[in-house]
Amino acid sequence: MHTTPSAPGGGDDLEDLREQKAAAQAEQTRLRGQEEAVRARISDLDERIAAADLRAALDADGPAGLIRRWSALVGRSPGLDGAVRSWLAQLHPGLAWNNRGRGGRAPVFPVHLWADPDGAAAAAEALDGMAPALRAAQERDAGFPRLEVRVMKPRHDPPLLMSPFADAPAATLTLSTGGWNLGTGSHAQRTEGSCLPLLALAIRMGIDARAAEPARR
């Protein structure tokens, strides 16, 4: 006996299936939007929690307390980098933050500063304001993170599409118990006073390094 095979899908109505799919896709879009909103809310709360944590440490023990607390939270606080970034911007608009790839107890507190002669004095004032407390903390605790100011070459104009931190720093200014240091080994320059002379030199190195680059096409 010959039978005619039934059509795929049984007796489903084509238009009804299309309407069901459209409704399911709309529901998927709505749920995805809700999920993104929740993620954004969690991210905001993470940063606010970290900011409140650092603010309490700052109020209790100044910049040294903030950096000590940052070191304890590295790798364990999702909003930490954003909170540090905001604090640095309040100190000086040219100070930036990049802590990618660091985990565990961090031996270095890495601050970035783009080479800008007009902002050198204000940046030096902000950095010098922290120096006494940080040097005292280093003297008491050999594991206390040392402050590094990585002076970057001036930003490209127009900006490159790549990360602004793609370049290596033109010079690095480090704070130790003996004062500010620029460079390493026999070529290092040091001062126990204001970092402005060394910072101005580092900024000039950054400007010269950018000028020496081949012209962009």
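Reader: In which order do the strands of the open sheet lie, and is the pairing mixed or of one kind?

Author: In this predicted model, six strands come together in an open sheet whose pairing is mixed. Going across that sheet from one side to the other, the order is β1-β2-β3-β4-β5-β6.

Reader: Why is one side of β1 and one side of β6 left without a neighbour in the sheet?

Author: β1, covering 95–97, and β6, covering 189–191, stand at the edges of the sheet. Neighbouring strands of this sheet are, on average and with direction ignored, turned by 25° against each other. One side of β1 and one side of β6 lack a neighbour because each of these edge strands has a single partner strand.

Reader: Which residue of β2 is the bridge partner of tryptophan 97?

Author: Strand β2 spans residues 108–114 and pairs with β1 over three bridges, in the antiparallel sense. Within β2, the residue that forms the bridge with tryptophan 97 is valine 111.

Reader: What angle does the direction of helix α2 make with that of β1?

Author: Helix α2, made of residues 80–91, packs on the sheet, where it touches β1 and β2. Its direction and that of β1 make an angle of about 175°.

Reader: Which strands does helix α3 touch where it packs on the sheet?

Author: Helix α3 runs over residues 120–140, and its direction makes about 45° with that of β4. The strands it touches as it packs on the sheet are β2, β3 (146–152), β4 (171–176) and β5 (179–182).

Reader: Is the packing of α3 against α4 parallel, perpendicular or oblique?

Author: α3 and helix α4, which holds residues 196–211, have axes 9 Å apart and pack at an angle of about 130°.

Reader: How many nonpolar, polar and charged residues make up the contact of α3 with α4?

Author: From α3, the residues Ala120, Ala121, Ala123, Ala124, Leu127 and Asp128 meet Leu196, Leu199 and Ile203 of α4. Sorted by class, the residues of this contact are eight nonpolar, no polar and one charged.

Reader: Is the crossing of α1 and α3 left-handed or right-handed?

Author: The axes of α1 and α3 come within 7 Å and cross at roughly 55°, and the two helices are therefore oblique to each other. Pro63, Ala64, Ile67 and Arg68 of α1 make the contact with Met130, Ala133, Leu134, Ala137 and Arg140 of α3, which by class gives seven nonpolar, no polar and two charged residues. As for its hand, the crossing of α1 and α3 is right-handed.

Reader: Which residues of α2 does α1 meet?

Author: α1 and α2 pack with their axes 8 Å apart at an angle of about 55°, and their crossing is right-handed. The contact has, by class, twelve nonpolar, two polar and one charged residues. On the α1 side, Glu47, Ala50, Ala51, Leu54, Leu58, Pro63, Leu66, Trp70 and Leu73 take part, and in α2 they meet Leu80, Gly82, Ala83, Val84, Ser86 and Trp87.

Reader: Is leucine 58 buried, exposed or partly exposed?

Author: Leucine 58 belongs to helix α1, which covers residues 14–73. Leaving aside residues up to four places away in sequence, leucine 58 touches Pro63, Leu66 and Trp87. Since buried would require under 20% relative accessible area and exposed over 50%, leucine 58, with 25% relative accessibility, counts as partly exposed.

Reader: How many helices and strands does the protein have?

Author: Starting at the N terminus, the elements follow one another as α-α-β-β-α-β-β-β-β-α. Counted by kind, the protein has four helices and six strands.

Reader: Of the 217 residues in the protein, what percentage is buried?

Author: A residue is buried here if its relative accessible area is under 20%. Within the protein's 217 residues, the buried share is 35%.

Technical notes
Residues are numbered from 1 along each chain as its sequence is written. This is a predicted model: local features need pLDDT of at least 70, side-chain atom pairs count only at pLDDT 80 or more; totals for chains, interfaces and linings use all residues. Side-chain values use heavy atoms; hydrogens and water are left out. Two strands pair if DSSP finds at least two bridges between them. Axes are lines fitted to C-alpha atoms, for helices over the stretch in contact, and angles run from 0 to 180 degrees between N-to-C directions. Contact means heavy atoms within 4.5 Å. Ala, Val, Leu, Ile, Met, Phe, Trp, Tyr, Cys and Pro count as nonpolar, Asp, Glu, Lys and Arg as charged, and the others, Gly among them, as polar. Buried means under 20% relative accessible area, exposed over 50%, partly exposed in between (1.4 Å probe, protein chains only). Angles under 35 degrees count as roughly parallel, over 145 as roughly antiparallel, 65 to 115 as roughly perpendicular and the rest as oblique. A crossing is left-handed if the near helix is turned anticlockwise from the far one by less than a right angle, and right-handed if clockwise.
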